[in-house]
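Work through the exercises below with the model open. Each task is followed by its solution.

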Amino acid sequence: MKNEHVPAQEFPMAGGGRLFIASTYAHDVVVVEGSVLGGPTMLPAPLDVIPGLAAELLDAGTPKKKKSVIREALAGRGISLAFSSSGDRTFFSGRCFPEDLSFLLGTISESLNEASFPEAEVKNIKARALGELAEEKSDTRAQAERALTELLYDPLHENYVRPIKDQEKSIVTTRRLHLQNFRKILGRGGLVLAIVGDIETDSARAAAEKAFNKLGEGTMSAPAKHMNKKIQSTEEKLIPIADKANIDVVLGASLPLSVHHQLYHPTKVLTDMLGGGFSAHLMQTIRERDGLTYGVSATLAGLSTGADGYFKIWATFSPQRYEESIAKLRIEVDIFFSRGLTETALTKRQEEIAGSYLVALATTANLAASLHAIGTLGFDLSYLTEYPNIIRAVSLEDIKSAAELIPRHKLSLAASGTF
Amino acid sequence: MHSLDIPSLPVVTGASFVRSLEGIHEYRLDANGLQILLAPDPNALVAGIMVTYRVGSRNEAIGYTGATHLLEHLMFKGSDNFNKEKGGTIWELLETKGALVNATTWNDRTNYFEVVPQEHLPVAITLEADRMRRAFLKEEDRLSEMPVVRNEFERGENLPMEALDKQLWALAYQAHPYHHSTIGWRSDIEQVPIARLKKFYDDFYHPDNATISIVGGFDAVSTLAAIVKEFGVHGKAPVAFPAMYTEEPRQEGERRAVVKRVGHTNMIAFAHKIPGATDADLPALLLLSLILSDGKTSRLYRALVDRAIATDVSTQCYQFRDPSLLISYITLAPRVKHEVVEKSIKQEFKKIIAQGVTALELTRAKRSLRAYIASRRDGPYALLSSLNEEIATGDWTRFVTLPQALARVTVKDVQKVAKKYLVDDQSTVGYFIGMPV
């Protein structure tokens, strides 16, 4: 095992699901990451809040078991379990002791199959969801991030995030029946399950098959991806919020690029060269040299569902130095693209990505998350071990081609704080 | 379940073996008293190194609050043998090889760490040894780094919970330096002189005030030899470390803090004075904190979130070297009055004081702690980080003994600590009030 740092195996599941199991040297820790098809992007806009509300209540009771029975049984075993929904999937994330894996998987399957959404719980979750949206109204980073997607995407694209007031209306009009109907369409369709940690592969596989073979087939299928139709232009949106000591800024551009695009990995490396850590160009200049920010990073976002994503720079600035900071940031982005694409910089970044990948996989949770992502994005299991080689195979020519995809002179900007 | 594979103990001249507990081997560097903890894992491909200095914002005073943290930032500006001029910054040598590189500061300690593909561990050891006593501390670097730290402070100020937390500690502690947060007061961040930072470095950054922990995949003998060689060049501190002798006077009544800011968030925080981490009551207090708000079956979750008067609840039992706080943080649901939630929380506290907790609740809390204990060894960073916090309390062996102490806690113990510490006169209540836009 020592020379095989990712001892993962894949098994087919009934209905076309993918099961990944990695028996690692972790002690007394088992992590489960999984998902089935069914999420907000599969529903029309006014209904897109339903999957998130439903996910929160999947462990809140079935016709046979009250919420308290389910939750106390989990807590009594020291199991943590959370459901969520985004993109085109409903996710579950659990952590348990080795002896409780069957119980955890059985509870997940039972919740997906039989959740009943008691009326009182629906009322409760709506109130909490409205509360969380209210809090978001004065969260500078959340406001800037939300605004950027509005600038970059047409409203039908899955990376577009609707205005808060629209989401609030949708939550208010959601009824129990909506959640029940949504739950009925969840099933084994598109099931991806990763089990990692202190487990025996055969028994984990048996437990997974036993639990999820009970799950209905479901009626969801992955919809064709809607490519962004919004024409890129340089737009700016400022969201003023009083009493804020810091301004959150995001600059970005949508890209005609998904994780399956031939330039995905070069674009990932390029973005990391610009803003992927302390040694990257933006941190070395905007923070280390100019002292303008605590943090500035560049990332690719909106890709996790297989959609065409976007390039994003996030930074925080003092209100007193906001204008100066934005100007410097734009200059450094330009300098990077015009002078920073060198063989030396590329090689350094390739080694960093390959090394940090190894470091990241040293935890049970990260390995489980990686396997689950491989499953949902449709990659072969070999991607787990091949990833560093794929990164190292990126050439400078690839990087320059990737740079052509990013309209660096047409980055839109959204910022929130006290101006 | 897999068993823990514990290799044999390394023997290296210059390092004296102290003890070995559950696969963690303690040594003392003979030349200068540096504490060394080694936790080798033959199955790991990644290694982690952390140097923990027993200095934090607890060692600061008016005029230089935040100095420990600002100094931590300056410690990345280079040292005699690792700097830009020599082409060998930590970022160039380690981050570009994939290392997780960072440092953190808190009340009782400051730590510097690297998690690296194991072939890069020797460089990390050499670098940490160099900056222990040979760090550059230049005025030009303070001038460029101060706005960075100030922006970190500003980021925190944007968060209602952080803003409320600062006021809570400032009110609960009037004499003891837990009064101020680790980031410090803004004016001190902006104006602390470089000479004060240098003095702070010279006062506290010495091998006999530090612990180096190395975990994960590494050869124990050669690594211990490297530590002896690289850190052995430093002498002990030339004078005694400045003592922090201030004790917080006894609190004589409930205190109340209010923070009003424009926005939509409303919060309450309840803080109660509790003893330091090594006190015998701490295990029961930790379990009490879990019973209060760990997960959806906890007391406060059911009383507040399940009733839709709060959207979130959490309780922290802060385990510090000196007497600390048990704090419950509650985010209110829209249009719910602070007073309503405060009344509900106080009722829950009274119930526990009067009736105690159930055996089932205690069992659940202990299972939750078993999960936490397992997670402390899930990867090099988790182990380093957990050891680091125990080192900060003054006794790293608590990493091993605390689980044993937790196992012995009874329902009576939990009720006893609830009666003893959930006392109104020893509490500080904080309101964060979102004002209309």
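pLDDT is the predictor's confidence in each residue, from 0 to 100. This is a predicted model: local features need pLDDT of at least 70, side-chain atom pairs count only at pLDDT 80 or more, and totals for chains, interfaces and linings use all residues. Residues are numbered from 1 along each chain as its sequence is written, and chains are lettered from A in the order in which they are written.

**Exercise 1.** Find where pLDDT stays under 50 in chain A.

Solution. Start with the average: chain A has a pLDDT of 94, and 98% of its residues score at least 70. Next, locate the stretch under 50: residues 1-6 of chain A. The model has 10 contacts for them beyond four places in sequence (contact: C-beta atoms, placed from the backbone, within 7 Å). Where pLDDT is low, predicted coordinates should not be read in detail.

**Exercise 2.** Determine how the axes of H9(B) and H14(B) cross.

Solution. Take helix H9 (residues 282-293) and helix H14 (residues 398-408) of chain B; their axes come within 9 Å and cross at roughly 70 degrees. Angles of 65 to 115 degrees count as roughly perpendicular, so H9(B) and H14(B) are roughly perpendicular to each other. Now list the residues: B:Pro283, B:Leu286 and B:Leu287 meet B:Leu402, B:Ala405 and B:Leu406.

**Exercise 3.** Identify which element gives the most to the side of chain B that touches chain A.

Solution. Count first: 57 residues of chain B are in contact with 55 residues of chain A.

Definitions and conventions:
Two residues are in contact if their C-beta atoms, placed from the backbone, lie within 7 Å. Axes are lines fitted to C-alpha atoms, for helices over the stretch in contact, and angles run from 0 to 180 degrees between N-to-C directions. Helices (H or I, at least four residues) and strands (E, at least two) are DSSP runs, numbered from the N terminus. Angles under 35 degrees count as roughly parallel, over 145 as roughly antiparallel, 65 to 115 as roughly perpendicular and the rest as oblique.
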